[in-house]
Amino acid sequence: MPEIPPRADGGRVLADLNALRAIGTYKTGVHKPTFSDPHMRSLEWLATRLPDAGLSATIDGIGNVLGTSAKAGPKLLAGSHLESQNYAGWLDGPLGVVYALEAARVLNPDPSVNGAVEVASWCDEEGHFGSFLGSRSFVGGITEADIDAARDRNSDRSMRQALQSAGLSGRPRITAERGRHIGYFEAHIEQGDRLESSGLKIGIVTSIVGIWQYRITFTGEQNHAGTTRMAIRRDAGLALAKFCVAIDDSFPKLCGARTVWTTGRITLDPGAPSIIPGGAEMLFQIRDDDPAVIERLEAKLRSMAAEAGASGPCSVAVERIRTGAPAMMDDRFQDAIEAASAALADGKSARMPSAAGHDAQVLATIMPAAMLFVPSIGGISHHWTENTDDADIVTGAEVFVETCRRLLSR
Ligand SMILES: [Zn+2]
């Protein structure tokens, strides 16, 4: 009889996730903004557990936690993040960190496993101070000037001040040792309802969508809301509203199967009930994993702006303020997740793109990367009610650990 390799300990995984939920609890979720006290206590919690997996722990100068192994053989990097959105869910981030910890605990002490899983918690994935600052620092994509400029989007506190009060200022930042890792593997809740609605247990991520963001500005003429006749008004707010409706008319004819677009913020200038707005601005975002689709939609946005400006009464300017190239996940890693799902999740897996951004897209710029999703109940995330069935959490952990074993023994 061949010996059955040790699996993830589901009870231990659930206990760890609940221990992290107990730090900074909000209702059934958590409130752990980057560098807040509950975030820092969560990082310390992880650092004290890494030695159980044969890893030595470091919290670096940007708040990344890294557990490194002295074991010989290949190293697989795995992890996610421990801060949360404001008043949000308990699994977004911690799930991937605890799975990585569990894989390291199961595989690193096993002499039959060649090599080791190393564990990372990337700081500020949720973007309180910037965009993927922790993982970008690790891949060498952040300068000291970037840190000087970063501010908390809620409190406006500078990142330097936050690092100081978290006791991290002056510490070196750890960057990737090129060639050390065979790749990066991250588990995450799906944050959508595709797995749940299809009765599936494991999502094998094929790509992480790119996010393109635009500032669209409308310029009209500010005037008195009582005395200015309707016929001569140049109402920038009204022009903006019409533009939003026009986007929803024209984009479905040009988009891809999973393209999504969102107007995230609208501001009117001056924004008073008795004044016709002379200026208006909308922040607009498009997500897709195919740059050709984005190109098509952006061209449409610009031609619509030109047409609207030409027909008047307001001018429209479209400015791209963020370009996010999609990240492709490694094919052979996807095959390993699929094989592990066949063995431990009755093959209830499907390949799917990720419509949300993740640190894996940053790591993918320097090494093969892969992601595994577990179902989200009702597809809800970035809300304190976010949840996943305990049984699905355990299945996900088993598939994750088994995938790590297969990747290390290739
Ligand atoms: Zn996340």
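This is a predicted model: local features need pLDDT of at least 70, side-chain atom pairs count only at pLDDT 80 or more; totals for chains, interfaces and linings use all residues.
Biologist: Which residues are the protein donors of the zinc ion?
Modeller: Donors are N, O and S atoms within 2.8 Å of the metal (3.2 Å for Na, K and Ca), and water is not among the atoms, so sites may look incomplete. Along the chain the donors follow the spacing H-x10-D-x95-H. Lying 1.9 to 2.2 Å from the zinc ion, they are His81 (NE2), Asp92 (OD) and His188 (NE2).

Biologist: How many residues apart in sequence are the parts that His81 and His188 tie together?
Modeller: Helices (H or I, at least four residues) and strands (E, at least two) are DSSP runs, numbered from the N terminus. His81 lies in the loop between strand 5 (75-80) and helix 3 (94-107), whereas His188 lies in strand 7 (residues 181-189), so the parts tied together by the pair are apart in sequence by 107 residues.

Biologist: Is Trp122 buried or exposed?
Modeller: Trp122 is found in the loop between strand 6 (116-121) and helix 4 (133-138), and its contacts (heavy atoms within 4.5 Å) beyond four places in sequence include His81, Tyr184, Asp359 and Leu363. Buried means under 20% relative accessible area, exposed over 50%, and partly exposed in between (1.4 Å probe, protein chains only). Because its relative accessible area is 0%, Trp122 is buried.

Biologist: Which class does Arg12 fall into by relative accessibility?
Modeller: Arg12 lies in helix 1 (residues 10-21) and, leaving aside neighbours within four places in sequence, is in contact with Glu102, Arg105 and Val106. Since its relative accessibility is 31%, Arg12 counts as partly exposed.

Biologist: What is the volume of the largest pocket?
Modeller: On a 1 Å grid over the protein atoms alone, a pocket is an open set of points where a 1.4 Å probe fits, with protein on both sides within 12 Å along at least five of seven lines, and lining residues have an atom within 4 Å of a point. Grid points are joined across faces, edges and corners, and a volume is the space filled by probe spheres set on the points. For the largest pocket this volume is about 750 Å³.

Biologist: Which of the residues lining the largest pocket are the closest to its centre?
Modeller: Strand 13 gives the most to this lining, with four residues, and by class the lining has six nonpolar, 17 polar and eight charged residues. Of the 31 lining residues, the closest to the centre of the largest pocket are Gln85, Ile211, Gln285, Arg287 and Arg322.

Key: Residues are numbered from 1 along each chain as its sequence is written. Side-chain values use heavy atoms; hydrogens and water are left out. Ala, Val, Leu, Ile, Met, Phe, Trp, Tyr, Cys and Pro count as nonpolar, Asp, Glu, Lys and Arg as charged, and the others, Gly among them, as polar.
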